[in-house]
Amino acid sequence: MTAAHSPWQALTRGDFLRSAWPWRSGGYLVTSALTGVPALLAIVVLVTFSLVLVGLPLLILVGVALAAVERRRLRIVDAGPAPSPHRTPAEPGLGAWLRLRLSEQATWRELAYALLHALVLWPLDLVAVLVAIGLPVAMAAAPVQLALDGEEARVAKAFLATSYPQALAAAAAGLVLLAVLLHPLAALAGARAQLTRLLLAPREGELRDRLSEVTRSRARLVAAFEAERRRIERDLHDGAQQRLVALTMTLGLARLDAPAGPLADRIAAAHDEAGQVLTELRRLIHGIHPQVLADYGLGPALADAADRSALPVDADVELPRLDQSVETAAYFAVCEALANAAKHSGADRARLTARRLRGVLQIEVRDDGRGGATAAKGSGLVGLADRIAVLDGTLTINSPPGGPTVLRVEIPCQPRESEPTGPCE
C-alpha cells in the first residue's frame, strides 16, 4: 500500500488513528496561529498607514511574505510541491520587482489570502483544535482532577464528577470522543490545505506561462550561442585565415628566391608548416559552421558530411531549405553520429536518410557496427539532444549489443519560404 500524501487520503485507510496523520493535521491547524497573529498585527498597522497611501505597498508585501511561509507550512499535511507562482523580473532592482508583482494575479490572491487568514481562518483553526482535541483531553483528565482535588472534578467545565467511577466513565467517554473527532479534524486540515494550494500555488495557466518562458529563454541562449559561433567563424575566415594565406605566399616566394643551403631548408620547412596550419584552420572553420550549410541548406550539407566521413556512407537526402536553427542542430547531430560510428562502432558502412514528412524533419543514421552505444556515456550527443529539445524535437538512440545502431532525429519544422518566423510555429 502506497503512503498517504494528504489527510483526505489517510482518512480512507483503516490505520488512520494509528498513523501520524491525526497529529499532523492538528499541528497544521495549531501552527496557523503562528502566522495568523503576526499577519493580523501587521495588517492592522499597515491599514492605518494606508490611509495616507504609505502602507499600501507594504500591505502587498505582507501578502507575498505570508504566502511564502504558508507554502512551506503546507508540507505538514500535503506532500505535493507548492512552488512560487511568481515570475523572475527581467531587470534588477526593487522597482522592477514591485512593478512585476503588482501586475501578477498571484500577488492579489496572496493579499486576499492574507486578509482571510488573519481575520477568519486562524481563529477557526484554533477553535476546531480546542473542540476536537482539547475537549476530549479535558474529559480524559477527570480522574487526575479528582485525585488532585480530593472531593470533586469539574469535567470540561460542564458537569461534576464526585467519585472515581464517574471520573473514569468521563475519561473513557473522552477517549472515544477523541477517536471520533480526529476524523473531522483531519478532514478540516485537508480542506484548509486545499484552500491554501488553490490561492497560493501556481495555477495551470501560470505554469504554462513559466514553462513557455523557460523554453523561450533556452531558445534565446541557443540562438546567442549560434550567433557567437558564426561570429568566430567569420573572424577566423576573414582574419586569421587570410593572414595565414599571406604568410604562406610570402614564405613560398622566399623559398623560390632563397639560394640552396641551410636557410632555404628552414624556409621550406616553415612554408610546409604554414601550409599544414592553414589546412587545419580551414578544417576547424568548416567544423564551426560549414559554408555549404549557410549557402545551400541542410540537404547539401548532409551530403557533404557523408562524403567527408571516414566511414563509407550511403546518403538518401531530400530536403527543402529549413529554418536556420533547425538546419544547424540537425547537421551537427548527424556529424556527431557519423564521427561516433567511425570511431567506436567498428562498422563497415553507414546509411543516412533525411526527409521532411508531415511538418517534421526526420533523420536516421544507421550503422552495421557492434552496437551498445548510449548517450548516457558522455558523448557529444547529450548536448546535441538538449539543443534539439529546445526546438521541441527529439534525439533517440537504439543500439542493442551486436548492433545495429540507429540514431533518429525528429524536429517539427516548416520550409523557410512558408514559415519565415520560426521552425515550430
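The structure discussed here is a predicted model.

Arg-255 takes part in a salt bridge with Asp-272, in which the closest N and O atoms are 3.3 Å apart.

## Other salt bridges

Side chains of opposite charge can pair when their charged atoms come close. Across the whole structure, 14 salt bridges are found. One of them joins the side chains of Asp-316 and Arg-355, with an N to O distance of 2.9 Å. Asp-316 lies in strand S3 (residues 313–317) and Arg-355 in strand S4 (residues 350–357), so this pair ties together parts that are 39 residues apart in sequence. Asp-316 is partly exposed, its relative accessible area being 24%; for Arg-355 the value is 24%, and this residue too is partly exposed.

A further salt bridge connects Arg-321 with Glu-327, the closest N and O atoms lying 3.2 Å apart. Glu-327 has a relative accessible area of 2% and is therefore buried.

## Packing of helices H6 and H8

Helix H6 (residues 105–140) and helix H8 (residues 164–200) have axes that come within 7 Å and cross at roughly 170°. Angles over 145 degrees count as roughly antiparallel, and H6 and H8 are therefore roughly antiparallel to each other. The residues of the contact of H6 with H8 comprise 26 nonpolar, three polar and four charged.

A nonpolar patch on the surface is formed by Leu-115, Leu-116, Leu-119, Val-120 and Leu-124, which together have about 410 Å² of accessible area. Of these residues, Leu-124 is found in helix H6.

## The loop between H4 and H5

Pro-85 is placed in the loop between helix H4 (56–73) and helix H5 (94–103). With a relative accessibility of 5%, Pro-85 counts as buried. The C-alpha atoms of Pro-85 and Ala-106 are separated by 6.4 Å, although these two residues are 21 residues apart along the chain.

Arg-358 is found in the loop between S4 and strand S5 (360–367). The phi angle of Arg-358 is near 50°, a positive value in a residue other than glycine. At 76% relative accessibility, Arg-358 counts as exposed.

Cys-413 is found in the segment after strand S7 (405–412). Its relative accessibility is 1%, and Cys-413 therefore counts as buried. Between Cys-413 and Leu-391, the C-alpha to C-alpha distance is 8.8 Å, while the two residues are 22 residues apart in sequence.

Key. Residues are numbered from 1 along each chain as its sequence is written. This is a predicted model: local features need pLDDT of at least 70, side-chain atom pairs count only at pLDDT 80 or more; totals for chains, interfaces and linings use all residues. Side-chain values use heavy atoms; hydrogens and water are left out. Axes are lines fitted to C-alpha atoms, for helices over the stretch in contact, and angles run from 0 to 180 degrees between N-to-C directions. Helices (H or I, at least four residues) and strands (E, at least two) are DSSP runs, numbered from the N terminus. Angles under 35 degrees count as roughly parallel, over 145 as roughly antiparallel, 65 to 115 as roughly perpendicular and the rest as oblique. Ala, Val, Leu, Ile, Met, Phe, Trp, Tyr, Cys and Pro count as nonpolar, Asp, Glu, Lys and Arg as charged, and the others, Gly among them, as polar. Patches are made of residues with over 30% relative accessible area and no salt bridge: like charges are joined within 9 Å, nonpolar side chains (Val, Leu, Ile, Met, Phe, Trp, Tyr) within 5 Å. Accessible areas come from the Shrake-Rupley method with a 1.4 Å probe; for residues, only the protein chains shown count as cover. A salt bridge is a side-chain nitrogen of Lys or Arg within 4 Å of a carboxyl oxygen of Asp or Glu. Buried means under 20% relative accessible area, exposed over 50%, partly exposed in between (1.4 Å probe, protein chains only).
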